[in-house]
Structures are given as C-alpha cells and as structure tokens.
Amino acid sequence: MGIADYFKPVGSMTAEEVREFLKNKNPDEYDLIDVRQPLEYERGHIPGARLIPVGELSDHIQELDPDKPTITY
C-alpha cells in the first residue's frame, strides 16, 4: 500500500446497506473492523467485528486482505 492509496475515494454505506451486505455474505468474504476504543468495543460490537482502534489502524493495515471489501465503523 502506497501513500496514494490513502487518498482514493472511499465508498460509504448506510446502516441498512451494511446489514444487508453482512446478511448475504459469508464472514470470510469481507473484513469487518471496529475502529472505536476497547471499552466501546467491550460494551457492544457487531458480531464478527475485529477491534483495531483508529489510532492503531496504520500498524495493522497489512493484516487486511486488499482483495476483500473492508467495512469499518
């Protein structure tokens, strides 16, 4: 991933679109990332979401599959 990748347009989805997407896909077909803080994650998160706080995202970006859609919230 190069610096230019950080400036590409990013699509967005409504909550309902995300619900439909998750309902119609197998969990191994996408990356679901919760970028909130650990306490917020512990209070509740979407099942299957992986916690990567936004401040640590750049340290873990190589762990995400570039060939899969990535949903962050």
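The largest nonpolar core of this predicted model is made up of seven residues: Val18, Phe21, Leu22, Tyr30, Leu32, Ala49 and Ile71. Helix α1, residues 15–24, supplies the largest share of this core, three residues. A nonpolar core here is a set of buried Ala, Val, Leu, Ile, Met, Phe, Trp, Tyr and Cys residues joined through side-chain atoms within 4.5 Å. Buried stands for under 20% relative accessible area, exposed for over 50%, and partly exposed for what lies in between, using a 1.4 Å probe and protein chains only. In soluble globular proteins, nonpolar side chains tend to be buried together.

A word on conventions before we go on. Because the model is predicted, local features need pLDDT of at least 70 and side-chain atom pairs count only at pLDDT 80 or more, while totals for chains, interfaces and linings use all residues. Residues are numbered from 1 along each chain as its sequence is written, and side-chain values use heavy atoms, with hydrogens and water left out.

Now for the fold. The protein chain has three helices and three strands, following the pattern α-β-α-β-α-β along the sequence. Helices (H or I, at least four residues) and strands (E, at least two) are DSSP runs, numbered from the N terminus. The three strands form an open sheet with parallel pairing, in the order β2-β1-β3. Its edge strands are β2 and β3, each of which pairs on one side only. Two strands count as paired if DSSP finds at least two bridges between them.

Let us walk across that sheet. Strand β1 (residues 31–34) and strand β3 (residues 70–72) pair in the parallel sense over three bridges, and Asp31 has Thr70 as its bridge partner in β3. Toward strand β2 (residues 50–51), β1 makes two bridges, again running parallel. There, Ile33 is partnered with Arg50, and Asp34 with Leu51. Both faces of β1 are covered: Asp31 and Ile33 are buried on one side, Leu32 and Asp34 on the other.

Setting aside residues up to four places away in sequence, Asp34 touches Tyr41, His45, Ala49, Arg50, Leu51, Ile52, Pro53 and Tyr73; contact means heavy atoms within 4.5 Å. Ala49, itself a member of the nonpolar core, is in contact with Leu32, Asp34, Tyr41 and Tyr73 once its neighbours within four places are left out.

With a relative accessible area of 39%, Pro69 is partly exposed. Beyond residues up to four places away in sequence, Pro69 touches Phe21, Glu29, Tyr30 and Asp31; of these, Phe21 and Tyr30 belong to the nonpolar core. Pro69 and Ile46 are 23 residues apart in sequence and 16 Å apart in space, C-alpha to C-alpha.

Finally, step back to the whole chain. The C-alpha trace spans about 30 × 30 × 20 Å along its principal axes, and 21% of the 73 residues count as buried. Among contacts between residues at least 6 apart in sequence, 46% join residues at least 24 apart. The accessible surface comes to about 5600 Å², with 55% belonging to carbon and sulfur atoms; areas come from the Shrake-Rupley method with a 1.4 Å probe, and for residues only the protein chains shown count as cover.
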